[in-house]
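Visitor: I am new to reading protein models. Could you walk me through this one?

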Amino acid sequence: MQHILEQNKVMLRKRIFVLSLPLILTAFLSTGQERHIKQTFDIKKSAIMLPKEYAFKEFNWMFGFSFAKVPFDWVETSLQAPLFYLHANYGLPYNIVLNAEWQTLIVSNQFRLGAKWTHEIGNFSFGVGYDQNFMFGKMGFLGFDNRFKGWTSIPNVSVGLKIGNVALSAVGEFPAITSLKRTAGEIDTYSSKNVFIGPSVNFYVEQRLYKHHILVVGLKNSYTKFFFPAWMAFSTFNRRYYVPELFLGFKL
Amino acid sequence: MIRTLLAAVVLTIAVASCDYMFDDYILDIPEFGPGSIHDQTHPLNVTKQLITEGIYEVKQGKELLGDSLVFRWNRNILSIFGKRMGIYSLVSGGSLDSIMVMQGYWREALSDNTGLLSLIAKREEGGMAIMGEEPDCAITWRGTFGYGGGIPSSPIELKLVKRFPKNKAIQKFGVIAHRGGGRTSDKLPVSENTPDMISLAQHFGATGIEIDTRLSKDDSVMIYHDSDLNIRLTKKGPFMGPVQQYTYQQLRTLVRLYHGEVMPTLREMLQYTLDSTDIRFVWIDNKDAVTMEKVIPILMEFNKRAKEIDRNMLTVVGMPNEKMMDAYLAYPGHENVPALCELTVPDVEKVNAWVWGPRWTMGIQTSEVKKIHDQGRFAVLWTLDDPQFMEKFMEEGQFDGILTNYPTLLSYYYYVKMCR
């Protein structure tokens with residue numbers, strides 16, 4: 001009994017340490033940043049998540065990975081797998097930027113295409129956009145014979161701030177599933193009811209890694225009823241769950 | 001620069017790794033206060049209860065109740081099952097002079113909405129006929145429903161359109177309730193895998209249950225789903241970690257399940273099911289292969305007891321994987337132990353299981369089910385919760401039972417199909 005209590009105390013101490021570590025680091029680094037050597041590099045030109053004004057035909061892209069914590073109520077197991085990302089932006093006239101994105105877990109996929117109008121005011125910028133998303137998946141092993149496909153509409157707003165050579169962005173998304181088809185063996189179901197699944201607020205930090213390569217670190221926070229990589233959980237909970245997603249991207 | 005990004009990475013990992021439960025699993029079930037008309041009613045006997053059972057058309061109140069409802073009694077509680085959002089209602093009451101009065105609560109199984117519901121069958125709209133035990137009388141229930149604890153004021157009108165077939169034998173299709181009746185995470189008023197949940201499961205229309213076993217440190221067979229003590233299933237406390245690192249005494253005295261119950265043993269669950277319910281089928285889902293040799297003697301004991309008291313109740317041991325199958329085959333005398341195999345049809349044949357339990361995600365598997373039936377075995381699907389798939393599987397599948405977290409919804413589909 002004493003042994004169990006000691007073990008639990010150790011686990012609690014570890015958690016407190018992990019949670020306070022970023023606070024200590026951030027306090028240290030905020031003075032450390034002052035000592036950085038000035039670079040000629042301009043993060044605004046190279047950033048990809050920042051809602052900046054693109055020149056016509058300006059193109060950039062990045063690849064990345066995200067790691068999501070799927071609610072235990074949905075899957076009831078600690079199953080985790082990284083999502084692979086490809087994201088690209090293409091500048092059009094009138095401050096409009098086309099964006100495309102592909103996310104995949106192999107058994108779950110999402111293609112997203114949209115447009116955003118952006119505007120800059122000094123180091124501050126913002127954007128308003130709309131994306132159309134097609135998701136699909138297939139799983140035919142481990143007791144599954146299932147497929148799904150669906151469409152989602154995602155209006156979004158974003159704000160950005162350039163501080164020195166760091167670009168900070170926040171994106172708010174408001175997705176609604178507009179159609180969903182699912183299959184189990186030879187049984188199909190279909191729904192064309194528009195369902196607002198819940199908002200997400202995503203934060204990104206972009207900074208030069210080396211040469212002109214950018215590292216993007218993001219935290220995506222979805223408060224949602226549906227998360228496409230976990231479609232095979234067939235969750236029936238009609239309430240929203242917090243799904244955090246750690247994102248790491250590289251613009252080469 | 002790297003240090004800044006490192007700080008961002010560490011911060012996001014710290015945030016993302018926490019266990020967030022913004023919502024708890026508590027949902028207050030509203031009640032009529034003391035002094036309501038319900039308190040003046042006289043309970044109906046079984047004959048009168050059976051007269052009111054059947055399919056009802058919803059004339060008023062469709063926005064909540066949908067188009068039709070199923071009325072089904074169990075031990076003086078009238079269960080009302082609907083399709084829309086898995087709505088169900090548990091009401092009680094009886095006769096007051098020659099009118100019928102029923103009051104209770106409704107809940108959407110697929111959401112957190114709940115409220116009060118009140119029904120009256122007037123004298124000339126079936127009340128008198130029910131009192132006179134006229135088996136083919138017309139019945140119309142009129143009443144009101146409300147949201148939350150508010151006084152019900154939205155009108156309801158229900159008309160009996162079809163009674164259950166007169167030659168209905170004991171319901172053969174298995175409505176099997178997962179975790180004893182449902183999940184704690186579905187915000188039911190009692191914890192999963194407890195005797196209280198089994199009692200509730202009956203009113204949800206369940207004819208069978210599935211329960212999960214874990215072994216304590218000193219080899220007691222406990223009923224609990226997850227491998228760890230956690231805030232999902234237990235009250236917050238200093239005790240965490242694998243169930244298996246705690247003794248029986250520690251689990252019983254130091255741990256409380258989410259709604260305050262003591263963690264039950266397998267023996268307690270089977271005893272309660274045998275003595276206090278009409279449940280006919282118990283599926284024991286062993287989470288560890290080592291539990292098999294502890295579970296089988298208890299299972300056999302209760303199957304024997306059920307037979308001795310002429311109680312229709314069969315307990316089977318489940319095999320979700322090959323390790324469990326090997327443990328079953330290694331048990332001396334396993335040939336006499338009723339088993340449910342979740343693997344392939346050849347595996348079912350290998351262990352000579354009485355029941356095949358495929359996963360619903362594999363589809364209706366018509367040819368495999370036919371093969372199982374030709375061999376004199378049963379096929380029970382698990383764990384099907386999605387309403388759209390549930391309706392289709394009921395229409396097109398040939399299964400003998402379905403394991404679900406929403407037995408109320410499955411009961412609705414079953415009785416509607418039975419009455420066609």
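**A tour of chain B**

Guide: Keep in mind that this model is predicted.

Visitor: Which radius of gyration does chain B have, and what would a compact globule have?
Guide: The rule works from chain length, here 420 residues. A compact globule would therefore be near 22 Å. Chain B agrees with that, at 23 Å.

Visitor: What box do the C-alpha atoms of chain B fill?
Guide: Take the box along the principal axes. Its sides are roughly 70 × 65 × 40 Å.

Visitor: How many helices and strands does chain B have?
Guide: Count each kind of element by itself. There are 13 helices in chain B. The strands number 19.

Visitor: At what angle do H5(B) and H7(B) pack?
Guide: H5(B) spans residues 195–203, and H7(B) spans residues 266–276. Their axes lie 9 Å apart. Their crossing is right-handed. The angle is about 35°.

Visitor: Which residues in H7(B) meet H5(B)?
Guide: On the H5(B) side are Pro195(B), Ile198(B), Ser199(B) and Gln202(B). By class, the contact has four nonpolar, four polar and no charged residues. The H7(B) partners are Met269(B), Tyr272(B), Thr273(B) and Ser276(B).

Conventions
Residues are numbered from 1 along each chain as its sequence is written. Chains are lettered from A and ligands numbered from 1 in the order in which they are written. This is a predicted model: local features need pLDDT of at least 70, side-chain atom pairs count only at pLDDT 80 or more; totals for chains, interfaces and linings use all residues. Side-chain values use heavy atoms; hydrogens and water are left out. Axes are lines fitted to C-alpha atoms, for helices over the stretch in contact, and angles run from 0 to 180 degrees between N-to-C directions. Helices (H or I, at least four residues) and strands (E, at least two) are DSSP runs, numbered from the N terminus. A crossing is left-handed if the near helix is turned anticlockwise from the far one by less than a right angle, and right-handed if clockwise. Contact means heavy atoms within 4.5 Å. Ala, Val, Leu, Ile, Met, Phe, Trp, Tyr, Cys and Pro count as nonpolar, Asp, Glu, Lys and Arg as charged, and the others, Gly among them, as polar. The radius of gyration is taken over C-alpha atoms; the globule rule is 2.2 Å times the number of residues to the power 0.38.
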